[in-house]
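Please read the following note alongside the model shown below.

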Amino acid sequence: GFSVSSSASRTPVAEAAGSKTQLTGVVGAGVIVLLLVFFPALLANLPTTALAAVVISAALGLFEVTGVRRLYDVRRSEFLLSMAAFLAVAGFGVIAGIGIAIGLSLLDFIRRAWRPHDAILGRVDGLKGYHDLTSHPNVRQIPGLVLFRWDAPLFFANADLFRERIHEVAIEADPPARWIVVAAEPITDVDSTAADMIEELADELDAAGIELAFAEMKTPVKEWLRRYELEAKIGRELFFSTTGAAVKRYLETHDVDWVDWEDAAEAAEEVAADRRPAEGPDPADGPSPTN
């Protein structure tokens, strides 16, 4: 986009007058030439305060009160950032104020990524896939298997929190956890600090008799783990393309009392099909033979 004038004051004045394109500058220049040539004394006694009033009146249109109120209603953190940006620009100037606002926005991003949302997943009868335990009270968990989702990149700011959460879900699991599968689709990056943490975590869980596995990990992230030599450390067989594949492998390698609703539904359909009466002979084939 282009500004229709060349300063922070002339642009809002032009917009308030209905300007839409850079033709505004051509028209303004033409009017100034006419004033200088034919009416040089017309504005000689115009007070400076009158010009200031014109600029202030036009600049008031730049305040988007409705948008700020919406931020306050939907997300208070972004409202506070907008207020900080306003005060920084007013107090330190445009360039410095924008720099401060950008810095605060990056800090807010790190704050959110530092304590991201996570979830324990399970099966819900009648719904495909695996769902958040807190959103579906009727979630069923596979005994001994914890499906854990982490909704952020893994980096230095949240690596310790990730390890703490894994230990918490392992302790809280009833019956005791034998596998912890991280549903890693939301994890878009793993830095070196987080890689060291994963290696230590895998050793800690292994000492407790718990396998750490990953499912749905993106290829670029898996490539980073390969460079960190974590894939070989954890075991390539414990990286699964889907959460369902991880669950299937767990059920194949562990004696677990578990019936999935989809398997039960398929079995019920097969039983119903076996019980249906066989179709009679087609009348076009003639009468049935008798003894």
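1. Apart from neighbours within four places in sequence, leucine 154 is in contact with Phe162, Ile187, Asp189, Val190, Asp191, Ala194, Met197 and Ile198; contact here means heavy atoms within 4.5 Å. The model is predicted, so local features need pLDDT of at least 70 and side-chain atom pairs count only at pLDDT 80 or more, while totals for chains, interfaces and linings use all residues. Residues are numbered from 1 along each chain as its sequence is written, and side-chain values use heavy atoms, with hydrogens and water left out.

2. Leu154 is among the residues with the most contacts inside the largest nonpolar core, as are Phe162, Ile180, Val190, Ile198, Leu212 and Phe214. This core has 52 residues. A nonpolar core is a set of buried Ala, Val, Leu, Ile, Met, Phe, Trp, Tyr and Cys residues joined through side-chain atoms within 4.5 Å, where buried means under 20% relative accessible area (1.4 Å probe, protein chains only). Helix H8 (residues 192-207) gives the most to the core, namely seven residues. Helices (H or I, at least four residues) and strands (E, at least two) are DSSP runs, numbered from the N terminus.

3. Helix H7 and H8 have axes that come within 9 Å and cross at roughly 20°. Axes are lines fitted to C-alpha atoms, for helices over the stretch in contact, and angles run from 0 to 180 degrees between N-to-C directions. H7 and H8 are therefore roughly parallel to each other, a term for angles under 35 degrees. In H7, Ala159, Phe162, Arg163, Ile166 and His167 meet Ala194, Met197, Glu200, Leu201, Glu204 and Leu205 in H8.

4. Which strands does helix H7 (residues 159-172) lie across? H7 lies across E1, strand E3 (145-150) and strand E4 (179-183), and runs at about 155° to E3.

5. These strands belong to an open sheet of six, ordered E2-E1-E3-E4-E5-E6 with mixed pairing; two strands pair if DSSP finds at least two bridges between them. Strand E2 (127-132) and strand E6 (239-240) are the edge strands, each pairing on one side only. Strand E1 (residues 118-124) runs antiparallel to E2, and three bridges join them. Glycine 122 stands opposite histidine 131 in E2.

6. A further helix pair is formed by helix H5 (residues 76-92) and helix H6 (residues 94-114), which pack at an angle of about 155° with their axes 7 Å apart. H5 and H6 are therefore roughly antiparallel to each other, as angles over 145 degrees count as such.

Methods. Buried < 20%, exposed > 50% of the residue type's maximum accessible area, 1.4 Å probe, protein only. Parallel < 35°, antiparallel > 145°, perpendicular 65-115°, else oblique.
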